[in-house]
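Here are my notes on the model you sent over.

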Amino acid sequence: MTSTIETPTERPTATAASAPGVRLRRTVRSSEFTLVAIAVIGFVALTLTTDGNMLSSGTLAAFFRFLAVPMIIGLAQMVVLAIGQMNLSVGVLTGFCAMVAAWAMLEAGLPAPLAVPGAMLLGAAVGLGNGLLVVFTRINAFIVTLATMTIIDGLRYGVNGPGTYQDYSAGLQELGQASLLGFPVVFLLACVVAAGVWFFFARTVPGRHLLASGGSPFAARLSGVSNDRSILLAHTLSGLLAGVAAVLTLAQSGSVNASIGDDLLLPSFAAPIIGGVALAGGVVSVLGTCLAAFIVRLVDVTQAQFAINRRWVDLIVGAVVLGVVLSGAIRQKLSRRSS
Amino acid sequence: MKQDDNPSPPEAARQAARLPLWANPRIGLVVLLIALIALFTTLRPAFLNTQLTLVPMQSDISVYAVVGLSQLAVLSLGHMNMAVGRMAAMSAFAAGLLHDRLDAPLIVCLLGGLATGALLGALAGLIIARTGVNSFVVTLALDFALIGLVSLLYATFTDGVAFGGLPAGMSALRTDTFADYCAGDVCGPEIPLLAPIALVAALGVGLLFRWSRIGREVLMTGANAKAALLSGIPVNLRVVQAHALSGLLAGLAGFLLSANNGSFSAGVGDGFLLPSFLAPVLGGTLLVGGAVSVLGTVLGTGITQVIYKGLNLLQFQVDELKLYIGLVLLAALSLDRLRHVLAERRGVPA
Amino acid sequence: MLLAEGLIKSFPGVRALDGATLKLAAGSVHALLGENGAGKSTLVKILTGVYRPDGGRVLLDGAEVHFGSPLEALRAGIGVVHQERNLVPEFSIAENIALQHLPHRGGVVDRTRMRAEARRCLGLLDLDLDPDTRVAELSVAQAQLVEIAKALSVDTRVLLLDEPTASLTGEEADRLYAIVRKLTAAGHAVVLVSHKLEEVFAVADTVTVLRDGHSVAQAQPLSGYTRDGIVDLMVGRAYASVRLADRTVDRAAVPALELTGVSTGHGHRDVSLSVARGEILGLYGLVGAGRTELAKALLGLGEITGGEVRVHGTPVRIRDVGQALRQYRIGYVPEDRKGEGLFLEQPIARNVGVTVWRRLARLGLIPDRGERRVVDEYTELLGIRLASPQQLAGQLSGGNQQKVSLAKWLAAECDILIVDEPTVGIDVRTKAAFHELIARLAGQGMAILLISSDLPEVVTLADRIVVLGEGAVRGELANDHDYDAVSQRVIRLIHAAPAAA
Amino acid sequence: TKKEEEPEGAAGALTAAQVKVALVPGGAHPYFQPWKDAGTKAKADFAFGDVTFNETAGWDQTKQNDVLTSLAAQGYNAFGIFGVAPESINSTFENLKKQGFKVGSLASCPAGDKNLADFCLSTDVQEAAYKAAKAAVEAMGGQGNLVHLTGNKVDSNTQRRIAGVQKAVDETGGKVKLLDTITDIDKDLQTAQKAVADLLAAKGSQVNAIVTTAYNPAVAAAGGVKQAKLPIKVIAIDDDPTIIQGIKNGEVAATVLQNPVGQAYVGSYALLKLAEGCTMATPGVIIDSGSFVVNAANATTYENDRQAKTDFLKKDFDEKYLTCAK
Ligand SMILES: Nc1ncnc2c1ncn2[C@@H]1O[C@H](COP(=O)(O)OP(=O)(O)OP(=O)(O)O)[C@@H](O)[C@H]1O
Ligand SMILES: Nc1ncnc2c1ncn2[C@@H]1O[C@H](COP(=O)(O)OP(=O)(O)OP(=O)(O)O)[C@@H](O)[C@H]1O
Ligand SMILES: [Mg+2]
Ligand SMILES: [Mg+2]
């Protein structure tokens, strides 16, 4: 997303000669490349050490099925990071949308084809609310979403108390279990959404404007970009993606309760940040975010395969991220020295 | 938003004359605090019950003010410390271990805990300074690592989750107020023993950022790291120091909470993260660095705790409670924002 | 064509514009002049919808207009290059140029058209840059040119240029002015804000002079003025250019700062130069010659890979700026004052005091009184115009900001001072005051290394001039303050092949 | 000098109408929902002043302490508490008792062997886990591989559950192997579901039974095993409608019920009695509120057993645990 999406068709002759070499070197040094390498190596290593169990259809399906939501939730955070803000409410919002949709299907008798877009709309609406609060009060989004997170948390619990909803929609749950070409449908859907997000940021006018606002708000404003609109758009999109995550959760899990989303806040930051998204805004990486989610999922599965204590996993994940941080800094230093 | 700067006397007088009272952020907070107390007292007279409301509230304010100061220490740089809670937990573990294994007295346990926190903070600071990676990322990763480490340590050194005993005198910190101590007929006020510890911390941090060279240089680093470097400030050292201070204060908060809860346990610090941001931000400290307000942080803590206590007294159910906490917070923040905008419109810096 | 009347604009504590008037005619280049802080940029920003005026009105072709946003101004045909850099660093050149009107098909950016458009605009300026290059990778001058290209990309009837040549070489500036002439020939109006009066006289037709936020000369033909007349108007009184006092430099003494055969990690090779006490050494070179990097390497911010640096005769190895300051008393006034020289969001007092805290501190605490004394002393010495020492540095005008950036080092009592591009974007009077100040400091025995791309400045101030090109010393010459002769020799040194030896 | 402690408990005997009972769980959880009705029923049956149910503690000991003092300030004077942090809840009990309030530790006892509440009426979690594991062993035919899913590892109750399961496994003399104990998956449902899916993917074919001793893992295991269509026996916990439904459908082999109703109902009763002037025969006594294995055979009738246990508990309080003046 950062540099790899640029596919210049022609270049002035002066630089053309060195271009392929430069591009190759740049690709190799990009954080996406590192992530691809880690993901591939990790996956192969895990496959080898589990005697190929990783490649059995059940394991693969479980692997990708539970990758869908972290991917989407990472993207939901990424779109606000793109404007240099944060959305602490993504996790609870996912839970809230899931609970409302389940409630709509079970207690209001709404059919799934209505409840699903309803959940997404709800997410977008709440996101828009976050955006409006940020724009009108000019309070830091971190704090605004901290407050709305508390509110949504209350609402999420209010839907059904501590109870669990089950059997809301046979069709939706079938979809959650279905596979296409060996991949779970939920994962493929997540990929489609990710592609959409990539397209939005790479190719569309609002997407570019949003990134410009994130990169240098003042410059964007002077170029006629409305930063307020970018903020609203980013938060709405974030909410919409949380709604999508809610729908995927509903489909794949078969039961939901007010705890849905509690596990999403930290991963929502981990994925884009490991994926190379700058917290300062202006840079996004859809591929990096998805790859980071993939790597985190690998850690999960490794833990299950080898029955490692979860606490060790936390320790290892923390250490690995710190390691990536350090290696990134070292890589940068090396590349600077060599150039 | 500046750390309580006193302009030179004649200017101070001139500015004070120009400045409407409500335009002072600290006064705004005090007014808000009083309004909230008045509101809750009207709704629930029990709000002024000394033994059951005011004393426990002071203990909580003491703990969370230190938590807020811990975050403030790095907000001064424009950094964040996502690992406040876990640094507190590690400190509490160290203090507990000192007591459990070496039978160390209270003060040694406290110092050991503080040292542990400071070291962890310094570690985070060192990584940030060395790699230049965003503090959010580094401390988040550190938090993850420490979550794991804390419980592994407790699993190794205790029968699972907590140390059995407390050093002598620590229960007194929890249970006693100065009213329990009398010289002749004169007894102290109904203030818990924890409060002065937090007060000393607040004064220390205030002194640091207002008058000390190190504190000011930290603020300058937060304001513009490049310019700081070119002004001869050892920027990396200041980053490490600010994070170490954050860790130290997190450690102190962990100790105070352990005293308040009555044990050194793995759960210490679990709920620190959000309040740690809330108090400084409510108090007017920006997330961009370069300026802090210690008094504001303490007031911010006071306001959040009063809101919690008041809503608790109103006996809301879970969902309503959360709803109202969020709404009241938003309202408080928006009011402050409104004050700021009005002040700006009148041409006075707020 | 465009008339702005009685514009008023206040910022907290400052009235930036106080009834300013600007009248533009089609087909002319209109110079907008004034000292630092006179309100030029504020006026430009009001005309382009960045700020809303507190009073006054703007008429375009006789009809009153209100610009709510930069886009509205743009739609009305008003293009601008602001004084500050305003590009999105992570975007390509092409996208930055087209950002205000991204060509698209149904919301999807048409990248081919975008590149073509960018190439056209870059072509106007004869710029051979790949439109796909990220702006972050450009040099300051290149970025400035891209910004001009961006302003040219829209078909504007009025083009406002706020100090467009501050970081351009003479050649690049000439190219810009060629285009300006082409535009005016086609009936456009161009407003030029600049502190380089030579350029102004060469290009502009009419002039408006601002002083303290109001116009003291309104749309007068420039031919009616002499240079001194304009300066008098800007300053508000008869202005006599000062003659700098003669200084004598004791060359026999050990040089205060001496470099022998220094090479750096940034590509400098075999750089040798020396500055004596009381001497001003001019370090001249084109933008990108590597002077800033050399200075930073000296301060320990870059790697010195070979050669020797001596301070007062002792070989030194400087680790960081702190050590340079405390142990060797070397100060550095950076070229990028907003990014590196100042803490914009901090009070002036702290900006000045930052280097002396260590000296003032008692038990690690800084007494307010001591700090205030130092701050007062140096703000007075440099004539910094401020409302109060508690005012934020960012609220000062450019010239005063630069003075604050210098005050810090004077307060630190340095005896070697490196000044990097001290007068970029600074008005004539302040510039002269600066020159006087620098000369006085040298007169008091300070060793000064003056880095500047402003040849007249170097010729005015320096005792000797070292010309740097591509990281190597091209030559050194004594300065006899005869501008024509010296400048000839300097230019010849620059264009000579890199020294064979 | 420190002031002399005033004699405590001087509040004296209250009349039933003056007794206000607060039932305070550690946070919102389905397990505690029956407390509401049980409390109300106790109030009607024993005619005490008031009863309230407050689950706003949010699994945070500091917040729970705050909730408790707030309730006390509101006039509640008898507390049935599920302590968030068993390792430090004794301090909370001590605080409350010092102010003359009656305190019962409900559904969980403090860590260690000291209980500073007047009594602890709780499931013997080790016993319940043991029973659940026994049921699992039985369901898998006495041999094979067992997996244990449970909650927060740094909680002394979890440690007890792990011990209970281990005991049952040990008793099989090696015929049943405890393949894995997965902790920390009770925080939220999705984590539990993911853990179950990964477990089944990694070792689904080896696992013969799963015993769960926490709510979210139980729901997740029932659903996960059903989705994976594996012949794994799931032993759940509690009687949430989804789980009872599972038993009836055959997706869940059995569940181990606890006795929240008894805890709240009898607990309220005991608190009332204490407030009226009775004392505990053994202060801090720990009482098992019972646990019951429910499978398809008794899925419709288990409520009777539980009611019987509750009645029995109340009788025990009257006869054994309480010493009343009159
Ligand atoms: N955003 C702002 N907030 C506060 N004061 C401001 C702001 N912008 C400008 N000023 C003040 O308004 C006055 C006019 O500033 P302006 O930038 O228009 O001057 P200028 O003529 O462009 O000066 P220069 O030649 O240095 O660019 C100055 O005193 C400046 O400090
Ligand atoms: N042609 C160029 N292309 C890309 N980057 C450049 C170019 N020229 C200079 N730079 C970069 O711009 C910055 C300024 O250059 P540098 O400071 O080395 O030169 P200087 O002689 O100090 O220039 P100045 O005259 O502006 O002071 C450096 O970071 C350098 O890498
Ligand atoms: Mg200007
Ligand atoms: Mg330079």
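1. Which residues are the closest to ligand 1, and how many surround it? There are 19 around ligand 1, the closest being Asn36(C), Gly37(C), Ser41(C), Thr42(C) and Gln395(C); a residue is near a molecule or strand if one of its heavy atoms lies within 4 Å of it.

2. Some housekeeping before going on. This is a predicted model, where local features need pLDDT of at least 70 and side-chain atom pairs count only at pLDDT 80 or more, while totals for chains, interfaces and linings use all residues. Residues are numbered from 1 along each chain as its sequence is written, chains are lettered from A and ligands numbered from 1 in the order in which they are written, and side-chain values use heavy atoms, with hydrogens and water left out.

3. Oxygen atoms of ligand 1 sit 2.5 Å from a side-chain N or O atom of Thr42(C), 2.8 Å from one in the side chain of His195(C) and 3.2 Å from a polar backbone atom of Ala38(C). A polar contact here is a pair of N or O atoms within 3.5 Å; within protein, one must be able to donate a hydrogen and the other to accept it, and residues adjacent in sequence count only if both atoms are side-chain atoms. On its own ligand 1 exposes 630 Å², of which the protein buries 81% (Shrake-Rupley areas with a 1.4 Å probe; for residues, only the protein chains shown count as cover).

4. Where does the shell around ligand 1 come from? Helix α1(C) gives the largest share, three residues, and β2 (14-24) of chain C also supplies at least two. Helices (H or I, at least four residues) and strands (E, at least two) are DSSP runs, numbered from the N terminus. Ligand 1 lies between domain 1 (2-235) and domain 3 (335-413) of chain C, because both give residues to its shell; the domain bounds come from an automatic or database domain assignment. By class the shell has six nonpolar, ten polar and three charged residues (Ala, Val, Leu, Ile, Met, Phe, Trp, Tyr, Cys and Pro count as nonpolar, Asp, Glu, Lys and Arg as charged, and the others, Gly among them, as polar).

5. Ser41(C) turns up again at the magnesium ion (ligand 3). The protein donors there are Ser41(C) (OG) and Gln83(C) (OE1), 1.9 to 2.0 Å from the ion. Ser41(C) is in helix α1 (residues 40-47) and Gln83(C) in the loop between β6 (78-81) and α3 (93-98) of chain C, so the pair ties together parts 42 residues apart in sequence. Ser41(C) is buried at 17% relative accessibility, while Gln83(C) is partly exposed at 27%. Buried means under 20% relative accessible area, exposed over 50%, partly exposed in between (1.4 Å probe, protein chains only).

6. Thr292(C) belongs to helix α9 (residues 291-298) and Glu335(C) to the loop between β18 (330-333) and α11 (337-341) of chain C, so parts 43 residues apart in sequence are tied together. Thr292(C) is buried at 12%, and Glu335(C) is partly exposed at 35%.

7. Thr292(C) is also among the closest of the 13 residues surrounding ligand 2, with Gly288(C), Ala289(C), Gly290(C) and Arg291(C). A polar side-chain atom of Thr292(C) lies 2.4 Å from an oxygen of ligand 2; for Ser453(C) the distance to a ligand oxygen is 3.1 Å, and for Glu421(C) 3.3 Å.

8. Finally, chain A. Thr164(A), in strand β1 (residues 164-166), is buried at 11%. Its side chain makes polar contacts with the side chains of Asn257(A) at 3.3 Å and Tyr215(D) at 2.6 Å.

Technical notes. Donors = N, O, S within 2.8 Å, 3.2 Å for Na, K, Ca; no water.
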